[in-house]
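Me: I am new to reading structures, and I would like to be guided slowly through one part of this one. Please begin with the whole chain and then go to the part I ask about.

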Amino acid sequence: MIFKTTNQYWDCQCDGSYIHPSNIVICTVCKCERENGPDARVTEVQALGLALSTVTCAKCNLQSYNQHVGNICNHCHAGIMQ
Ligand SMILES: [Zn+2]
Ligand SMILES: [Zn+2]
C-alpha cells in the first residue's frame, strides 16, 4: 500500500509523537535526524491537525504536499536532478 507523504514533516523513531516539522532537524528524544527520517504520511499529519500547505508546481501546476526549492513537484524535481 502506498501512502501519500509530505516533506513538510518527517517521522522519527519515537513511539508516541514521532511527527516533526521539517525545520526541526533532529529529535531531541530519540536523536533521529531529519535527513535519515522518512517523510510523514499526509493522513497522519492531517489527523493531528497540523498545518500543511498545498504546493502548486511552478512547472506543471500539479498540486502536492511536497515542497522543493522553486516550488516544483517531485516529478519535475526528479527530472531536474537527472
Ligand atoms: Zn524521536
Ligand atoms: Zn511539476
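Reply: The model is predicted, and local features need pLDDT of at least 70, side-chain atom pairs count only at pLDDT 80 or more, while totals for chains, interfaces and linings use all residues. Residues are numbered from 1 along each chain as its sequence is written, and chains are lettered from A and ligands numbered from 1 in the order in which they are written.

The chain has two helices and five strands, which follow one another from the N terminus as β-β-β-α-β-β-α. Helices (H or I, at least four residues) and strands (E, at least two) are DSSP runs, numbered from the N terminus. Along its principal axes, the C-alpha trace spans about 40 × 25 × 25 Å.

A residue is buried if 20 or more other C-beta atoms lie within 10 Å of its own, exposed if 12 or fewer, and partly exposed in between, with C-beta atoms placed from the backbone.

S1 belongs to an open sheet of three strands in the order S2-S1-S3, with antiparallel pairing, and the edge strands S2 and S3 each pair on one side only. Neighbouring strands of this sheet are turned by 70° against each other on average, direction ignored; the axes are lines fitted to C-alpha atoms, for helices over the stretch in contact, and angles run from 0 to 180 degrees between N-to-C directions. Two strands pair if DSSP finds at least two bridges between them. Three bridges join S1 to strand S2 (residues 19-21), and three bridges also join S1 to strand S3 (residues 39-41). Trp10 stands opposite His20 in S2 and opposite Asp39 in S3, while the bridge partner of Thr6 in S3 is Ala40.

In the segment before S1 you will find Lys4, which counts as exposed because 12 other C-beta atoms lie within 10 Å. Leaving aside neighbours within four places in sequence, Lys4 is in contact with Arg41 and Val42, and the C-alpha atoms of Lys4 and Val45, 41 residues apart along the chain, are separated by 11 Å.

Finally, an automatic or database domain assignment gives domain 1 (1-50) and domain 2 (52-82), whose C-alpha centres lie 19 Å apart. Seven residues of domain 1 are in contact with five residues of domain 2, and S1 and helix H1 (42-47) are the elements that give two or more residues to the side of domain 1 that touches domain 2.

Note on methods:
Contact = placed C-beta atoms within 7 Å.
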